[in-house]
Amino acid sequence: MKHLSFPLVLLLIFSSACLAQNPDHIYLDTLYINTMDKVLDNISKKHHVKFAFDRELLSQYDMNERPMMKPLSLFLSQECSSRKLKWNQGADSIIYIMEKYENLTSKPVGVEEKKTYFGPVKKKDFILTGVVRDKETGEALPYANIGIKGTSLGTFTNPDGYFTLLKVPSDTSTIVVSYLGYKAGTVFLTPSMPVSNLLIEMDPESQILKEVVIEGDQQRLLTSNDKISLLKITPAKLSTLPNIGEKDVIRSFQLLPGVSCANESSSNLYVRGGTPDQNLILYDGFTVYQVDHLYGFFSAFNSNAIKDVQLYKGGFESKYGGRLSSVTEITGKDGNSKGFAIGGEISLLSVNAYAEIPIGKRFTSLIAFRRSYQGLLYDRIFKQFNMSSQVRQVSFGGNGPKGESSSSDLDVVSYFYDINAKLTYKPSKKDILSLSFYDGTDDLDNSMNVSGGGGFNFNMDNSDKTKYGNIGSGFRWTRNWTSRLTGTSMISYSNYFSDRTHSNSGIHFRDEGSESSFSSGVTEKNNLVDLSFKNDYSYGLNSLNQPGFGVFMTKYIISYDYGENDSSFMLDKNQNGIMGGMYLQDKIKLMDSRFFVTPGIRSSWFSPTHKFYSEPRLSLTYNLNKNFKFTGETGKYYQFANRVIREDFYSGSKDFWILSNNTNIPVSSAWHYIAGISYENKNFLASIEGYYKSIDGVTEYSMRFKPANGGSNYAENFFNGKGYATGLECLLQKKYGDFTGWIGYTLGKAMNKISMYGDSYFPAAQDVTHEFKCVGMYDFKRWSFSVTWLYGSGRPYTAPDGEYTVHLLDGTDQVYIKFGDKNSSRLPAYHRLDLSVNYHLKNSETNNEWGMIGFSIFNVYNRRNIWYKEYQIIDGNILETDKLFLGFTPNLTLSINLK
């Protein structure tokens, strides 16, 4: 039997060890007079049991206990119950003490899966660095919220998912992590964990929209309690919203207060009375100048290539510049680092496919492609979009426009496509190199044949063809130079182009039997090239100060050509210039991190004007308690490249990119003043925010006035003035439960004053006084339902008031429409109801979602909303055409994600 003695001894030792770790078999018989964390340290040392807890939390509880041979399990139950705590022994034999049961998984970078335990504190007030990633794909999660439980200390990850926590109280602190669309995670630090490159992996929530909510404790749409006017959306959570074709990140912002919904034909963002060009769009750091497809029904960004979007509605910090109104920062996916993934979507309007391919351990890649296709629904929609125009003859002596409706016919040949690609390389734990590419192009044919009968007989061919798009690319290098200093260097290229020809020709059949021919046309080309370099640095000075600084430079090359009736170009601009400078800011925490102050200064030099422009900025946030928050901001903002409105009464006013100069196109500027208050608890959020923007350098181009020299050269018909935008935004949201949603209301005013139009302020083209938005979502098992109702009061337009004649360069005379006061009329109110129902396809064993079938109806009650008005002169008669938005439009979508 001797040969059994050694195994028997091992078995006895193992059994004893197991019993020693069992809290039912550990008996306490000692007087404990100390704080709870110190008592657990004593028990751990004496009985060789391992505890995991939040030391800052447990140090608040005093203990004076004398257990008499009491089992540890009973002792813990009694002590935790009296303090509203929980305890549980995990599979790794660690006893966890916590306020509630949470996700406890985390793993340090470079450390294999093994047990790590709390012991006596070894480090205090140290710096902790790490990265937050998606557990399934390895994608870095930008702008995740990182906090130390029981304290007011916290930070956010950068665009590459990295974070630095300064002055961590101890190496047994508890780290809490939250990110929109992911389960909140808790990491218990231990003395054996590394303090640099800590890997935190987060589990995605199931893809139901009830997690796309306004700023809450875990799942949010608004984000951060120390940033002004910030909205945040994760693309994965948008699938159940009603849509025209597919989920759309940019258009989803239009459901929120402060972002106008009254222009459905545009994915551009009209933020707080601003124009789309005043919104800076950054995709992986490079600027995108064209943000929509197919008359605005689609945004230019493929949601399958995006992992995070943030919209600053105003008061943005000094690192951003070159725009007056807002900033939209889009972070593209790096690609799955844990395995090959492929997926796609098909709807009745477009197809969308993507692939994520890891290359070894250091490279990841992503490519996504999207294209519209011509099907039955596609044809019906765009024929309706053009043929539903209401044509009338205009009368000036009676009660306004009147006449016979006309018919039209259209051949649909429009399409769009876009490509997103990204390659990411991580040569070390400190460095990330990435190359991003985007190409989006539209080829639109809005041509149609129009004929009229009754008292006004004519036949007219209307040709309207446009090709436009944006190509961009950026190379970025991010390096963590030290645990305190992080830097990002980037070079980028962006090219916006637009080429449009619009002509009308036809025959007017007079009552006496004679006929006359007529023709008119417009040629318009716009091209913008942006070559940029920038360097951004963030330095963790201490736990209360985080300075940021950087330098930037942009080379602009812009051309714009415009002509009418096949004559020489009436406007021919070729411009270039350099804008460069630097910025400095500091994020300061005061009053035990209840008061956040972010002062900053941005200084730029602009070569066409040979001047420096300084932009002081300041934002304030005060957390009265965990529910109430007050915010305030002021700052100066300059814009050097503007999209100027070209007043066009015949085919609707258009706009074009042009560079400021030192003569008739001034550098535009704005002052922001913002104040707000919000109340938030676990279930609801209520907020009110007011804003005022004063704007200088408002510029428009118009041919309604003769050139200043009295000739026929309209090349310098740029008119300047000033403006302001003011408003109040209200939001009430239900955040949790099977039924969620929000109600938003905006009272706003956007006014301009340009001396050529008179001495008084007039409504800007984007002025909408009232906007009301209601969003409701309900989830039942695998089904999700949503409804949205939007209302906007009528937008302004300029109505005709007669006609006049202009002698053109080719020696002919052209009759033009004379118009009344600028934007003195209003279109009817805009409103519509959208519905959607979605069924989520899940693996029955793992419950992981692998696809979705969605059905939506856009404009359920077929509201005939007016987009804009067109006018045409035929033999002295003015025809008015109402261009309409989409009516009742159903859509079916199938999404599949394979790995």
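Predicted model: local features only at pLDDT ≥ 70, side-chain atom pairs only at ≥ 80, totals over all residues.
R602 lies over the face of F552, 3.8 Å from the ring centre.

Now step back to the whole chain. It has 899 residues, and 58% of them are buried. Its secondary structure comes to 6 helices and 56 strands. Take the contacts between residues at least 6 apart in sequence: 66% of these join residues at least 24 apart. The chain exposes about 36400 Å². Carbon and sulfur atoms supply 57% of that area.

Return to the rings. The structure holds 32 aromatic pairs. One of them is formed by Y289 and W657, with ring centres 5.1 Å apart. Their planes stand at 90 degrees, over the 60 that marks the class, so this pair is edge-to-face. Where do Y289 and W657 lie in the chain? Y289 is in the loop between β18 (286–287) and β19 (292–293). W657 belongs to strand β40, residues 654–659.

Y692 and Y724 make another pair, with ring centres 6.0 Å apart. Here the planes are at 20 degrees, under the cut-off of 30, so the pair is stacked. Y692 sits in strand β42 (residues 684–701) and Y724 in strand β43 (residues 718–734). The pair links distant parts of the chain, 32 residues apart. Are these two tyrosines buried or partly exposed? Y692 has 35% relative accessibility and counts as partly exposed. Y724 has a relative accessible area of 19%, and that makes it buried; the limit is under 20%. Y692 and Y724 also belong to one aromatic cluster, together with W671, Y673 and Y761.

Stay on β42, the strand of Y692. I695 has its place in strand β42 too. At 11% relative accessibility, I695 counts as buried. What does I695 touch, leaving aside residues up to four places away in sequence? Its contacts are L324, S669, A670, K722 and G723. Two of these names, K722 and G723, fall within the residue range of β43. G721 is 26 residues from I695 in sequence, yet the C-alpha atoms of the two are 8.9 Å apart in space.

Three strands form an open sheet, in the order β3-β7-β6. The pairing is mixed. Strands of a sheet pair through backbone hydrogen bonds, either parallel or antiparallel. β3 (51–52) and β6 (86–89) stand at the edges. Each has a single partner strand, so one side of each is left without a neighbour in the sheet. β3 and strand β7 (residues 95–98) run parallel, joined by 2 bridges. Which residue of β7 is the bridge partner of F51? The partner is I95. Helix α4 (residues 72–82) lies across β3, β6 and β7. Its direction runs at about 155 degrees to β6.

Technical notes. Residues numbered from 1 in each chain as written. Heavy atoms only, no water. Phe/Tyr/Trp six-rings, centres within 6.5 Å; stacked < 30°, edge-to-face > 60°. Helix = DSSP H or I, 4+ residues; strand = E, 2+ residues; numbered from the N terminus. Buried < 20%, exposed > 50% of the residue type's maximum accessible area, 1.4 Å probe, protein only. Lys NZ or Arg CZ within 6 Å of the ring centre and 35° of its normal. Contact = heavy atoms within 4.5 Å. Areas by Shrake-Rupley, 256 points an atom, 1.4 Å probe, with all protein chains shown as cover. Pairing = 2+ DSSP bridges. Axes fitted to C-alpha atoms, helices over the stretch in contact; angles between N-to-C directions.
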